[in-house]
Amino acid sequence: MFRPGKMTAQVLRSLFKKPATSMYPFVKHPMPKDFRGKLRFYQEKCIGCKMCMRDCPSGAITIKPVPGAQKKFMAEIDLAKCLYCAQCVDSCPRKALEATADYELAQLEHGKLKVVYGDQTGGDTKEKT
Amino acid sequence: MEALFNIFVFPGLLFVAVFGLAAEYIDRKLYALMQNRIGPPWFQPVADFIKLASKQELVPEHADSFVFKMMPVIAITSIITAFLYIPMWGSNALFAFKGDLVVVLYLLTVPTLTYFLGGWYSRSVYSMIGAARSLTQLFAYEIPLFISILAPAMLADTWSLSGISEYFSVHPWHILFNIPGFVIAIIALLGKLEKVPFDIPEAETEIVAGAFTEYSGRLLALFRMAIDMELVIGASLLAAVFLPFGLHYGPWVGFGLYILKVLFIIGLISLSRTIVARLRIDQMIGFCWKVIAPVAFLQFIADLIIKGIAK
Amino acid sequence: MPEREFKIPIGPQHPALKEPESFLLTLRGEKITEMTVRLGYNHRGIEKACEARTYIQDMYLVERVCGICSHSHSTCFIQAVEEIAGLQVPKRGLYIRTLIAELERIHSHLLWLGVAGHEIGFDTLLMYTWRDREIVMDILALVTGNRVNYGMNTIGGVRRDVTTDQIPKILEAIDKLEERTKYYIQVGTEEITLRERLSGVGKLSKEDAIRLGAVGPTARASGVNRDVRRDDPYGAYGELTFDVIIDNHSDVYGRTLVRLGELMQSYKLVRQIIRQLPEGPISVKAPRRIPAGQAVSRYEAPRGEDVHFVKSNGSDKPERVKVRAPTLANVQVVAHMLKDGYLADTPIVIAAIDPCFSCTDRAISRTDIESGRTDRMDWPELRTYGINWYRKQGIDFSELNKKMRVLRESN
């Protein structure tokens, strides 16, 4: 039977239920473990083959030798160009790259979107923003 | 002196403006909660008004500048004037006189005409279509609205709103005879206020904003205020005609009851906004003339018969 | 109001359209007497960009042709490449690809229900269906790692596996969604204002649908019995059983029923896939250089039949990639459907073909304003036209190009 207002029952019930809105940014919504967010680079595993550079669709990652050190490489990732496709993670033969679940990457200045990993000579893989 | 207080503060400009903004907040909050989401905070309508009032006004080049600018002002003025004749508590409105029902109904038609004129003289394609639809819709809902309001008036044997309140405070059980009329009046009020399912003149996905497309800045703020005030006044009119009980408890209790009645009607309007889709203009006219107008006429005839029996 | 004719533009910028396209209507009162469609506002040069990138990079580029049907384009492209290279994808890979395809179909149809509700002024339906869409997007984020643009495919299979702890979550989400979809089917069939707005609108007879080349739910609602999943099985569809939903209403209401029916079939398919998921590897190793050849591949996207043509020449970059999105076939039907229609029906009729103009715009046509002639240019003509236009403005690129070449060679 056709009647108007078929949704009345549901609608009135929703009046007393908790709203489905999540109060972001006061309540964070964690992403699952394998979410493809910001990349992380392990300097000790990189061999400088540049396969990640060859396979990147947008040219977001650049591998450069660390000046003054032997067989050490640093990675410069442009977060604005990165597609977060994680093809570089798959292409790397030594598993030196990893995708974290960090997705809150907004910045107010364009320069802050270039992330450099491990440019200190002989240091650990601390990122410099 | 007292007249100035009445016109500008209570129950005039200030009271209706504040009540209108509060009613808009309640309407939007109920709408949102029924859709399972959090609505706007309490100060949203005030913030909207202030933001719009502080923006630049752009009058289109081909538009008739005088008419374009006068229409919002005329809309607000006529609505506030109508409110002076509607009784809130007690049996006497502020400036009641014999025949003020007709004056109120006439004054409440003026805002629709201002939407039409404002849209038509904007000379933009979308505004002209919205304005034409506004008038077309007027022909559909006015008759049922008038007839359903005239039915209790005829039962009370008076043309004055205060007279209606007096009659029903003497015969409280006669209110129940007007329940079908109440339902019809609510549906017709949806048409007057241009809310879903009858928000055809302002269909956002079809004609951008209808008659209000070219309005911006202070003029748009005044138009939106006019729409909010129309909501409150329309609900007050219906409360005065169809729910005239508890009027003799004195000013404070009466005022509280009045606010509750208006909120109840606003709640019904929000509910019907949520559960149906928008109709097309030809479907709307067909529905109004084939379904609502006959029921309004039947209500009128029923009241005629009851009056004959009661005498 | 005088019944003279006047023109009203729906788009390129309009609240009814989610993406820009130009529909110029000629109205008399509220009736539409004529309609002109102009495409090309969302052209991004993707097909040309594909020729400058390797196959692996192209995978991600083709995926971003559209946000809602991204897996469709990606899979269709990769199927064509795998056919040229002669690769045999293992069964588990095919099943996982099909799982993601069905989840994407669910997501797209729920999105469409919300958009249709919004176009007819029924915002409650929009809010409810999009709240339920979050359930399927969370599942997609769990399985593929992103909520849109899944990036699940790789040449030769899929990149990620479905683990055993994800499976109960998927099944639980499907149960919840099935219950809610049954409620929406009830609302769709019983709510009178919805039926009033959607019935009798956008009529398309079966002969016209076949003649004008409509695809997908638009055609299936007119009784045309075509579905690529059954007629030309790809992926794992050869081993799955499902019904193709045909409806005879031939209007927007029929299209709504077809999409609701397809949602129920998708739930059935997802459960079948999870039950029949075979063990084994998920991909084979693909060469970097694809041998010369060409292939056409077809795919049933949520909007209809998606066709990709890939031509390779033995290097690691394709020679030509051509994408024919389903909306391109359906948009020609819109002008036919809206003839003698009402202005108020325009948004819902355009929304009923489920337009995705990002997929559609692969070419621009140039109209001369004075003479009104329209012509097409091919790539060398376009290049010379561009160079001459800039030269008239006083900018000459030939010196700049020489300097760039020198700079590049010195580095």
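Reply: Before we start, pLDDT is the predictor's confidence in each residue, from 0 to 100, and the model shown here is a predicted one.

Me: Which element of chain B has the lowest mean pLDDT, and which the highest?
Reply: Chain B as a whole averages a pLDDT of 88, and 100% of its residues score at least 70. Where pLDDT is low, the predicted coordinates should not be read in detail. Among the elements of chain B, the lowest mean, 76, belongs to helix 9 (residues 204-207), and the highest, 94, to helix 3 (residues 44-53).

Me: Which elements of chain B give two or more residues to the side that touches chain A?
Reply: The contact between these two chains involves 11 residues of chain A and 9 residues of chain B. By class, the chain B side consists of 5 nonpolar, 3 polar and 1 charged residues. The elements that give two or more residues to this side of chain B are helix 2 (13-34) and helix 11 (251-275).

Me: In what order do the elements of chain A run from the N terminus on?
Reply: Chain A has 3 helices and 6 strands. Of its 129 residues, 24% count as buried, and among contacts between residues at least 6 apart in sequence, 67% join residues at least 24 apart. Read from the N terminus on, the elements of chain A follow the order α-β-α-β-β-α-β-β-β.

Me: Why is one side of strand 1 and of strand 3 of chain C left without a neighbour in the sheet?
Reply: In chain C, 3 strands form an open sheet in the order 1-2-3, with antiparallel pairing. Strand 1 (5-10) and strand 3 (31-38) of chain C each have a single partner strand, so one side of each lacks a neighbour in the sheet, and the reason is their place at the edges.

Me: Which residue is the bridge partner of C:K7 in strand 2 of chain C?
Reply: Strands of a sheet pair through backbone hydrogen bonds, either parallel or antiparallel. Strand 1 and strand 2 (residues 22-28) of chain C pair in the antiparallel sense, over 6 bridges. Within strand 2 of chain C, the bridge partner of C:K7 is C:T26.

Me: What distance separates the centres of domain 1 and domain 2 of chain C?
Reply: Chain C is divided into domain 1, covering 46-360, and domain 2, covering 377-411. Taken over C-alpha atoms, the centres of domain 1 and domain 2 of chain C are separated by 41 Å.

Technical notes: Residues are numbered from 1 along each chain as its sequence is written. Chains are lettered from A and ligands numbered from 1 in the order in which they are written. This is a predicted model: local features need pLDDT of at least 70, side-chain atom pairs count only at pLDDT 80 or more; totals for chains, interfaces and linings use all residues. Helices (H or I, at least four residues) and strands (E, at least two) are DSSP runs, numbered from the N terminus. A residue is buried if 20 or more other C-beta atoms lie within 10 Å of its own, exposed if 12 or fewer, and partly exposed in between; C-beta atoms are placed from the backbone. Two residues are in contact if their C-beta atoms, placed from the backbone, lie within 7 Å. Ala, Val, Leu, Ile, Met, Phe, Trp, Tyr, Cys and Pro count as nonpolar, Asp, Glu, Lys and Arg as charged, and the others, Gly among them, as polar. Domain bounds come from an automatic or database domain assignment. Two strands pair if DSSP finds at least two bridges between them.
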